[in-house]
Amino acid sequence: MITKFYSVFKSDKMVPLNESQGGKHMKFSEYPYHTIDVKQAKDTLVKIEKRLMNAEDYASFKQAFKDLDAYKKELYTQFSLCEVRHTIDTRNEYYKKEQEHIDEIAPILQEDLVLISNVILEIPYRKE
């Protein structure tokens, strides 16, 4: 069994996934899922967008960019968990409704992500 899945950062150093979880391998059913609140998600994206636009130096821009990346990972993880769990059992009403919710909010959030991408393309720190 392969045990070195590098996906979690620990002080800018990649560590094996099982180490980041205290040496415990998680089963798919153990991954926590929560409903994405579209208002809260949009607010978070707007705050990150403002931080990117108003970054006074490369270090603050880089931190905002890292925060954006972490938040996108969280969103996409929740989207994926719901999709897989709904696909496994399409009769499960909870995940059926969650998938419908995600189908409604994903395009809304994608608009914000496109705006943020455009901001990133215009930032003077892009070369760094």
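Helices (H or I, at least four residues) and strands (E, at least two) are DSSP runs, numbered from the N terminus.

**Figure 1. Overview of the predicted chain.** Read along the sequence, the elements follow the pattern β-β-α-α-α-α, with two strands and four helices in the chain. This is a predicted model, in which local features need pLDDT of at least 70 and side-chain atom pairs count only at pLDDT 80 or more, while totals for chains, interfaces and linings use all residues. Residues are numbered from 1 along each chain as its sequence is written, and side-chain values use heavy atoms, with hydrogens and water left out. Of the 128 residues in the chain, 27% are buried. Here buried means under 20% relative accessible area, exposed over 50%, and partly exposed in between (1.4 Å probe, protein chains only). The areas come from the Shrake-Rupley method, and for residues only the protein chains shown count as cover.

Figure 2. The structure holds five salt bridges, each defined as a side-chain nitrogen of Lys or Arg within 4 Å of a carboxyl oxygen of Asp or Glu. Side chains of opposite charge can pair when their charged atoms come close. Asp 43 and Lys 39 are joined in one of these bridges, at 3.2 Å from N to O. Both residues belong to helix H2 (residues 38-53) and are four residues apart, about one turn of the helix. Lys 39 is exposed, with a relative accessible area of 57%, whereas Asp 43 is partly exposed at 34%.

**Figure 3. Salt bridge between Arg 51 and Asp 67.** The closest N and O atoms of Arg 51 and Asp 67 are 2.7 Å apart in this salt bridge. The pair links distant parts of the chain, with Arg 51 in helix H2 and Asp 67 in helix H3, 16 residues apart. Arg 51 has a relative accessible area of 35% and is therefore partly exposed. Asp 67, at 27% relative accessibility, also counts as partly exposed.

Figure 4. Lys 66 is placed in helix H3 and counts as partly exposed, at 35% relative accessibility.

**Figure 5. Gln 78 and the backbone of Pro 32.** Gln 78 lies in helix H3 (residues 58-88). With a relative accessible area of 3%, Gln 78 is buried. The side chain of Gln 78 reaches the backbone oxygen of Pro 32 at 3.5 Å.

**Figure 6. Salt bridge between Asp 89 and Arg 91.** Asp 89 pairs with Arg 91 in a salt bridge whose closest N and O atoms are 3.2 Å apart. Asp 89 is partly exposed, with a relative accessible area of 27%, while Arg 91 is exposed at 70%.

**Figure 7. Negative surface patch.** Glu 83, Glu 93, Glu 100, Asp 103 and Glu 104 form a negative surface patch. Patches are made of residues with over 30% relative accessible area and no salt bridge; like charges are joined within 9 Å, and nonpolar side chains (Val, Leu, Ile, Met, Phe, Trp, Tyr) within 5 Å. Asp and Glu count as negative and Lys and Arg as positive, with His and the chain ends not counted. The place of a charge is taken as NZ of Lys, CZ of Arg, CG of Asp or CD of Glu. Helix H4 (residues 93-122) contributes the largest share of the patch, four residues. Glu 100 is found in helix H4 and is partly exposed, with a relative accessible area of 42%.

How values were computed: Areas by Shrake-Rupley, 256 points an atom, 1.4 Å probe, with all protein chains shown as cover. Polar contact = N/O pair within 3.5 Å; in protein donor to acceptor, adjacent residues only side chain to side chain.
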